[in-house]
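Here are my notes for a first look at this model. Please read them with the structure open.

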Amino acid sequence: MDYRQEEVIKAFRIYAKISQKGFSEGDELRLYLAEDKVRGLVDQFAKEVDCTIFSVGERLYFVPLAVHSPFHISNDTLKKTYFTGKTVNADIYFMYVTIIILIGEFYDSYQTTEPTRDFISMNDWLEQVNERLETLQAIGEEELKELEKEYEYNWSAIIGKWKDMDDLKETAKSQSGRTISRLSFLHTVKRFLVMQELVQDIGNDELQLTEKAKVIVQRYFMELEYNRGILEFIYSIDRQKEEV
C-alpha cells in the first residue's frame with residue numbers, strides 16, 4: 001500500500017505521543033479513527049514493538065503484549081515505583097498472581113467473557129488470594145517443582161512470600177501503610193492497577209474494573225499465548241480441590 005508523506009508523518013506523531021504517555025486523546029484519537037491509512041500505520045508501528053493500540057471511550061491506549069517489548073514495565077521499574085524497602089522478584093510474581101485472582105473474580109474464574117460482578121471489596125480479594133494460595137500450598141513439594149518447570153513460574157517463592165506476610169495484622173483498622181501484611185500488599189497492587197487505569201477505587205475499600213481493563217481481558221488476557229496457561233492452572237487446582 002502506498003502512503004503519502006503527510007499520512008506517514010501524521011501516523012508517526014500519533015505513535016510518538018501514545019508510546020510515550022501510554023494513551024492519547026482529542027485530535028489524535030479522532031484522526032486515528034477517521035483515517036484508515038493513518039490508523040493502519042500506527043497499528044503497524046505498535047506491532048513492530050510487540051504492542052497493541054485500541055480505543056476506549058475518548059481515549060486511545062497503547063499496551064505492550066510481550067515481556068520482551070521495550071515498553072513492557074520491567075521488574076526494576078515496578079520495584080522502584082510501587083514498592084518500598086527491600087523488594088525481590090518474588091514480590092513481583094506474587095503481585096501478578098494477585099492480579100490474576102482479582103480479575104478472575106470479575107469473570108467467574110475466567111469461565112465467562114463478560115464481567116459477572118460490578119465491584120469487589122479489598123477483603124473479598126484478600127479472601128480469594130488466601131484460598132488459592134492455601135490450595136497451592138497443599139500440593140506436594142515434588143509435584144510443585146514439576147509444575148514450576150512446566151509453567152516457568154516460581155510457585156514456591158510465591159507461597160513463601162505469602163506465608164512470610166504477617167496475617168496476624170489483617171484485622172488492623174488501617175492496612176494501607178507500611179505494615180507488612182497480606183492486605184497492605186494488596187493495597188500496593190491496587191495502587192499499581194489504579195495508576196495503570198485498570199481498576200477504579202469507588203470508595204469503601206471497593207474496586208471496579210475500568211473499560212480499558214475489560215478490553216484487555218476480553219482480547220488478550222484469556223489467550224494461552226499471553227497467560228502461558230497460568231489462569232487455567234490456578235483455577236484447575238481449585239476445582240480439583242472442590243471435587244475431592
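1. In which element of the protein is confidence lowest, and in which is it highest? Helix α11 (residues 224–227) has the lowest confidence, at a mean of 54. Strand β4 has the highest, at 97. These are pLDDT values, the predictor's confidence in each residue from 0 to 100. Helices (H or I, at least four residues) and strands (E, at least two) are DSSP runs, numbered from the N terminus.

2. The model is predicted: local features need pLDDT of at least 70, side-chain atom pairs count only at pLDDT 80 or more, and totals for chains, interfaces and linings use all residues. Residues are numbered from 1 along each chain as its sequence is written, and side-chain values use heavy atoms, with hydrogens and water left out.

3. The mean pLDDT of the protein is 84, and 83% of its residues reach 70 or more. Over residues 172–179, pLDDT stays under 50. The model has 10 contacts (heavy atoms within 4.5 Å) beyond four places in sequence for that stretch. Residues 240–244 also stay under 50, with one such contact.

4. Strand β4 belongs to an open sheet of three strands, ordered β4-β6-β5, with antiparallel pairing. Strands pair if DSSP finds at least two bridges between them. β4 (120–121) and β5 (199–203) are the edge strands, each pairing on one side only. Two bridges join β4 to β6 (residues 206–209). Ile-120 has Leu-207 in β6 as its bridge partner.

5. Look next at helices α7 (residues 141–151) and α8 (residues 155–164). Their axes come within 8 Å and cross at roughly 115 degrees. Axes are lines fitted to C-alpha atoms, for helices over the stretch in contact, and angles run from 0 to 180 degrees between N-to-C directions. Leu-144, Leu-147, Glu-148 and Tyr-151 in α7 meet Trp-155, Ser-156 and Ile-159 in α8.

6. The whole structure has nine aromatic pairs. Rings of Phe, Tyr and Trp (its six-membered ring) pair if their centres lie within 6.5 Å; planes under 30 degrees apart count as stacked, over 60 as edge-to-face and the rest as tilted. Phe-12 and Tyr-15 form a tilted pair, 6.3 Å centre to centre, with 40 degrees between the planes. Ring pairs link Phe-12, Tyr-15, Phe-45, Phe-62 and Phe-71 into a cluster.

7. Is Phe-12 buried or partly exposed? Phe-12 is partly exposed, at 48% relative accessibility. Tyr-15 is buried, at 12%. Buried means under 20% relative accessible area, exposed over 50%, partly exposed in between (1.4 Å probe, protein chains only).
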